[in-house]
Amino acid sequence: MRLLVCTLASSLLVGHAAILAADHTSLQPIGAVASVARTAQGLRLQCADGASVTLSVLAPDLVRVRTLFAGQTAALDHSWAIARTEWPKTPFTVQENADAVTLGTGELHVVIRRAPLLIEFRDAATGRVLNADARPMARDAKTGAVGAAKKLGFDEHFYGLGEKAARLDKRRGKFTMWNSDTPGYVEGTDPIYQSIPLYLGLEHGVAYGLFYDNAWRSTFEFGHLTQESANYTADGGELDYYFIAGPALKKVVSRYTELTGRMPLPPLWSLGHQQSRYSYYPDKLVEHIADKYRAHDLPLDVIHLDIHYMDGYRVFTWDKTRFPDPAGLARSLSAKGVRLITIVDPGVKFQPEGGYPVYDEGAEKDYYLRQTDGTVYVGEVWPGKSVFVDYTKEEARRWWGDWHRTLTDAGIAGIWTDMNEPADFLDPTGKRHEHIRFDDLGQRTPYNGMRNTFALNMARATYEGLQRLQPDRRPFVITRAGYAGIQRYAVKWTGDNNATFASLSLNVPMFASLGLSGQPFIGADIPGFIGRGDGELLARSYQIAAFSPFFRNHTAIDSYDKEPWRFGAYYEGIARKFIKLRYQLLPFLYTTMEEAHRTGVPLFRPLVLNFQEDENTATIDDQFMVGDALLAAPVTRAAQREREVYLPAGNWFDFWTGAPVEGGRTHVVPAPLDHLPLYVRAGSIIPSTVAMSHTGEKPWDPLRFDIYPDASGAATGSLYEDDGLTSAHERGVFRRTAVSFSGGRLTLHSEGSHRTPARHFEIVLHGDRTVSAVIANGQSLASAHWSRTAKGALTVRIADDGQPLSLEFR
Ligand code: GLC
């Protein structure tokens, strides 16, 4: 409690502290191009002032620009963010004239003007300028700050930047990258927990991406002070960026996640509903919560143990009084279909007097962060005085990962890493830490260049540790902070939000921005961490959370209990409706998460990701899409009972009634408290199943496909299935079913070697097609197998024997 107050106070400090990166005025522009040389991957420019610029073509739509200014020594060519460094050779052309050099790929023309040195990215096909330097790249030799300024389009929109407590379109905004512990953040609090220095520009339907791979504190301004340029500055390090050509936003996200890595396929249970609080103890209370869930017919897959399960907040220990038999608890919960996740914080209790093996081992092996004077840095977190591991050391990561055995041996299913900005009650701004040095592959890199990567490397240590400890299980790690690439190791929740409608209204823009920044597995504490909230907030929170991949109810130590039944039967009923809907839609959600894992394109999408040609969608951040098929228009204001919904052009169906709804316009629709306006895009086929109490309760039977034909009478969809738990899917043990409907005929065709148990398909045809006979694989189906529901949809029930199926509606 005392400490909570302490972190709350610190958030205020962060809000006001001067932690902005250098501004542009002190930067000296790079010299003009003096000579140009071809390299295996592109060009190397030598500048008159001694600077050099290397342009590398990694793919036709991906060019890296790495600049070394005069007097700057090159760091190792290594980045903690980058997952892929080897790229197939991409052909490129070079054209030179007196004024410029042009590096050409199949998709891009990079025009480099010699004096002053200005870089311009053009679409190879149309010649259209996608992005261009407004001023030469620059550096301040005294401070080491580097900067770039790009021209800003009058109609340009800006997306991405990972986790920002801000709206979807970042135009005219100014944002700092400096991982910060900011409990109770509100719209405008900046920076908060994560730093992803990636943004996507979109103008007139054409998109590109810019990823500045520099972990120093940096600032992005999208026409904040001038409307001429989008400015980037970092306090140190190299100006090292990747340009990604679209024109599709999806393509940019896909490339970016190829570069920085994609989310591993999560275990199915991690998409289930989860309950947490700061903190559940003793073990009997944890059992009680699980029992209550079952008694109240509320689905649940996971309970989280927050910091009080530990002995005096010492990581990798158990409080023996509160949890005398963790393995027994895990077994007993497992019988109820509930898994346990434990929190693991980076601060290791400073206990030089002995008696705490984790501290002793880390000290003996020299794994703790040291300062320039050689002393280990001692900060203050939950355990009191604490030290922090240097996760840039491979050995230290392995050691940390191995310590998770104390948890996995007890049957813990996943790890929640927290406070990894890293938080320090002595100084939340990081000023006090400037003298810390990270090993960083022997480079002894200053703290200011590494803070933002701390969580990434801790999550990596955790993820890889779980992989070693349970080689056949998909690791599940949750994180609060992160840097580019964090999606390879951990899922993200948006930290200590408030139990307020203002905070709830940030869900859509934050989740959508995180998805565009490569992180598809995201969620926020339901119904908000700080403050009491009320039943109405709970209801509206579940209406969004049911569609956010990480689906957890959590609350602060001093907050009233927030399990759904605490708000009374009426509100609990609304929560139940949406938790059950979540479980019904699991086949669709899991399929869409598999797509995110394979392509990088997130499940939770801003409308603009699916409809970037429709200018109306560019700034919509109070509606969202789930994959390609569902559009939700949640309510995030108290007492609001109707709202406007914009449906892009095309036909739509009301999810609840199956009624057709016209696209290409805004509708005013009722939104009573128990209702989420939810629409299906015509042309979609959505797989679903029956609600269940947890993801492993029973097989998906019947497996239902809802067909929503478009104007031409066609629809497509897919279903991805595997064992939901192991890595067998990497060896082809999955079943991917392509479902398509056209000309009155539905075909289902599966690939992969995963065998699903004998079950039934339930096929529901929406729309107004008149049907007098149903023919299955050439045989007329007895009318007992099909019927029209009251809502007018036609339902067919048929056995799934794993073989291709063709169903004709005549
Ligand atoms: C931080 C986390 C919060 C957790 C608390 C105690 O505030 O963000 O989720 O409950 O620490 O561990």
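**The ligand and its surroundings**

Select Arg480 together with the ligand: an oxygen atom of the ligand lies 2.8 Å from an N or O atom in the side chain of Arg480. Such a pair is a polar contact (N or O atoms within 3.5 Å). Taken alone, the ligand exposes 310 Å², of which the protein buries 99%; these accessible areas come from the Shrake-Rupley method with a 1.4 Å probe.

This is a predicted model, in which local features need pLDDT of at least 70 and side-chain atom pairs count only at pLDDT 80 or more, while totals for chains, interfaces and linings use all residues. Residues are numbered from 1 along each chain as its sequence is written, and side-chain values use heavy atoms, with hydrogens and water left out.

For Asp418 the corresponding distance is 3.1 Å. Then display the residues around the ligand (a heavy atom within 4 Å of it); among them are Tyr278, Trp382, Trp493 and His554. This shell divides into 7 nonpolar, 1 polar and 4 charged residues. Here Ala, Val, Leu, Ile, Met, Phe, Trp, Tyr, Cys and Pro count as nonpolar, Asp, Glu, Lys and Arg as charged, and the others as polar.

**The nonpolar cores**

Which residues have the most contacts inside the largest nonpolar core? They are Trp400, Ile763 and Phe809, in a core of 191 residues. A nonpolar core is a set of buried Ala, Val, Leu, Ile, Met, Phe, Trp, Tyr and Cys residues joined through side-chain atoms within 4.5 Å; buried means under 20% relative accessible area, exposed over 50%, and partly exposed in between (1.4 Å probe, protein chains only). Helix H8 (residues 454-469) gives the largest share of this core, 7 residues. Helices (H or I, at least four residues) and strands (E, at least two) are DSSP runs, numbered from the N terminus.

A second, separate core of 46 residues includes Leu43 and Tyr232.

**Backbone features**

Most residues other than glycine have a negative phi, and most peptide bonds are trans. Select Asp190 and Pro191, which are joined by a cis peptide bond with omega about -5 degrees. Pro191 lies in the loop between strand E13 (174-177) and strand E14 (194-195).

Finally, select Leu441, where phi is positive, near 55 degrees. Leu441 counts as partly exposed because its relative accessibility is 40%.

How values were computed
Polar contact = N/O pair within 3.5 Å; in protein donor to acceptor, adjacent residues only side chain to side chain.
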